[in-house]
Protein chains: 2
Amino acid sequence: MTTAGPLADTKVIDLTRVLAGPYCTMMLADMGARVIKVESPDGGDDSRAFGPFVNGKSAYFMSLNRGKESIALDLKDDSDRIVFEKLLSGADVLVENYRPGTIAKLGYRWADLHERYPRLVYAAVSGFGHTGPYAGRPAYDMVVQAMGGLMSLTGHAGAPPTRVGTSIGDTAGMFAAYGILAALLQRGRTGTGTMVDVSMLDGQVAILENAIARYAATGEVPGPIGARHPSITPFDAFAAADGYLVIAAGNDTLFRALCSVLARSGLADDERFADNARRTRNHTVLKEEIETVTRTRSVADWLTALDAAGVPCGPINTVDKVLADPQVAARTMAVAADDPTAGNVIMAGNPVKLDAVDDPPTRRPAPDLDADRNRILAELEQEPAEH
Amino acid sequence: MTTAGPLADTKVIDLTRVLAGPYCTMMLADMGARVIKVESPDGGDDSRAFGPFVNGKSAYFMSLNRGKESIALDLKDDSDRIVFEKLLSGADVLVENYRPGTIAKLGYRWADLHERYPRLVYAAVSGFGHTGPYAGRPAYDMVVQAMGGLMSLTGHAGAPPTRVGTSIGDTAGMFAAYGILAALLQRGRTGTGTMVDVSMLDGQVAILENAIARYAATGEVPGPIGARHPSITPFDAFAAADGYLVIAAGNDTLFRALCSVLARSGLADDERFADNARRTRNHTVLKEEIETVTRTRSVADWLTALDAAGVPCGPINTVDKVLADPQVAARTMAVAADDPTAGNVIMAGNPVKLDAVDDPPTRRPAPDLDADRNRILAELEQEPAEH
């Protein structure tokens, strides 16, 4: 085991705010990169003001900025620009999630950056990307969920629209982190940096995958179908006596095992349910048959019985239950930071487990605004002019 | 521009099937890697049998396996194992998404692989990961959506459970692709490969982010809230005369602009809606006020007026509309492959745009089972024994 991580020699200058950008640089920090967050002196990252707060510090901000450093610089101020450019000289990666055009207005167009810092990798995360007719438009997670098709697939038919309950703007941050590592590998081959341009809308389209393939093949526009799988049955949420559980009986063998656990082996012999295609065609009546039985006992009872029979199933965990789950604990998927002001802060862990790299249950906390100024400035004094 | 891509010199041996694993290797292929899919001679990747079909070929399979090569090998057959091991000798990456334990039973435990092929990066994508009490359990997308908390946040309060309408098992594939590039960078530093262990459940926890932070800070368990944002208002789907649109007025200035477009400036002066906190507390009555107006005109009318006023908004696009969107087209987010049997196949494009790398609108099609056998075997004859 090494504690260093694959990005131990990588320095990231981070101009990002709120969600998709900070999520990207958190992924880089989790891989060992040194991430220097350059924030506006006027309050810093907007999300520092997002509630809920713990002793005055934003839980939102703290959860996305663990292990980063902070320096406050006004990129419209000449002396601060000199500091920023010194930082870029020693950096491997610059990440920002301004609206396209903003960074150019500040005087840092990609063409100029590339000429001045040829080894620098530059990643821009935006709502719609740096090209195309919508490039200049603002976007929020909800707008791209709607425009990208995911909302049209989520929810119950006939009910009001349903948003995925978490900001999948994260997805753009993940794709950006992937693009940055690709660009670093590319730099290893070619010696020069490249621009990584990732948009939240593109990220939404990229995760539609099967829906696009199905529509392109059949011409049928897919709609929302609740908790059910479109083409595998039974694969749904089912009501028990005290709540719901999910059951995913993806083939004939598992369906027979399910019927046996339900003590309704007759269902497996019913010709309406003889194979997956017929079960999918008759999904409404099959669900009624299954729920007639599942409603008679508790979620916990059914999970025990189904697990014993090897039928894939699970509880619909709320967040408290997720954090209490023994598998989540065993995988270090909840980590803590000891914040000097807010105390013990709990966050999601790093889902990318590398055999050769430590995955500690505690992390360095998120920085206060400008907390690392003096050390960073002292280091710049000592560094050679170019990287 | 180069057509090569950052992974042009990277050879990937791909044992994956169905979704999360093939999504990962598709991302690698999109970055220029050579991906050799090693499939069971008995039908190959299970998803080759998933409908809908175009001239007998699975749209599902085709959309996830573009640009890959295929060779059929029985890993229980001695002569096929010799071929497989020759492939590993020349490979940079091995990816599989068997249930943990399966690859060891085949004789390819990570410890042995690492000793024999020290430069090989090995990535395993599984339901629950290779460690922890649930490691041996089967999982499907629906099971991890339920167990990982995402279903508990998605849908309308009081309504039956709601699954996100696309398989977010994709997320695990994305994290695995990120981990593989990290491991390749690590190999550049250390000279040796590492194991990348990514689970679908961990991926779900990692994208809960804000929900965990909110719960940890407040002790309140978050539930489903329809299409609304939990802490920003108005940020929701609203009914128009002919359907729904989303409006994301994230601050006081945008709220005032929205009220002006609605010709209801009085709302902006109403003390119940004077700031975001009060708007969020009174979200139900505010939504009624807004919908009283939005129901009087069409979605298209409102989008035009709101765009002109700079209020973030969007249509709830179905998949056909997504594919017809000019921004999606401008960003090459729908790509085509010319399949010799199925004809023109439409798929989601690559959301990671690199300035220095081509992003062509057409891609090589997915391979038929064993299509590249002869060429691959001929190459192995010519290669030196070790990489």
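Chain A holds an open sheet of 3 strands, in the order 13-12-15, with mixed pairing. Its edge strands are strand 13 (343-348) and strand 15 (362-363) of chain A, and each pairs on one side only. The model is predicted. It scores ipTM 0.96 and pTM 0.96. Chains A and B are related by a two-fold axis.

**The sheet**

- Strands of a sheet pair through backbone hydrogen bonds, and the pairing is either parallel or antiparallel.
- Strand 12 of chain A covers residues 334-339.
- Strand 12 pairs with strand 13 of chain A in the antiparallel sense, over 6 bridges.
- A:Ala334 stands opposite A:Ala348, a residue of strand 13 of chain A.

**Chain A as a whole**

- Chain A has 387 residues, and 53% of them count as buried.
- Its secondary structure comprises 18 helices and 15 strands.
- The C-alpha atoms of chain A fill a box of roughly 80 × 45 × 40 Å, taken along the principal axes.
- Take the contacts in chain A with a separation of 6 or more: residues 24 or more positions apart account for 69% of them.

**Two copies, one axis**

**The core around Tyr178**

- The largest nonpolar core has 236 residues.
- Which of them touch the most other members? A:Tyr178 and B:Tyr178 do.
- Leaving out residues up to four places away in sequence, A:Tyr178 touches B:Met27, B:Met174, B:Ala177, B:Tyr178, B:Leu181 and B:Val352.

**Confidence**

- Chain A averages a pLDDT of 94.
- In chain A, 98% of the residues score at least 70.
- Where pLDDT is low, the predicted coordinates should not be read in detail.

Conventions: Residues are numbered from 1 along each chain as its sequence is written. Chains are lettered from A and ligands numbered from 1 in the order in which they are written. This is a predicted model: local features need pLDDT of at least 70, side-chain atom pairs count only at pLDDT 80 or more; totals for chains, interfaces and linings use all residues. A nonpolar core is a set of buried Ala, Val, Leu, Ile, Met, Phe, Trp, Tyr and Cys residues joined through C-beta atoms within 7 Å. A residue is buried if 20 or more other C-beta atoms lie within 10 Å of its own, exposed if 12 or fewer, and partly exposed in between; C-beta atoms are placed from the backbone. Two residues are in contact if their C-beta atoms, placed from the backbone, lie within 7 Å. pLDDT is the predictor's confidence in each residue, from 0 to 100. Helices (H or I, at least four residues) and strands (E, at least two) are DSSP runs, numbered from the N terminus. Copies are superposed by least squares on the C-alpha atoms of residues with pLDDT of at least 70 in both. Two strands pair if DSSP finds at least two bridges between them.
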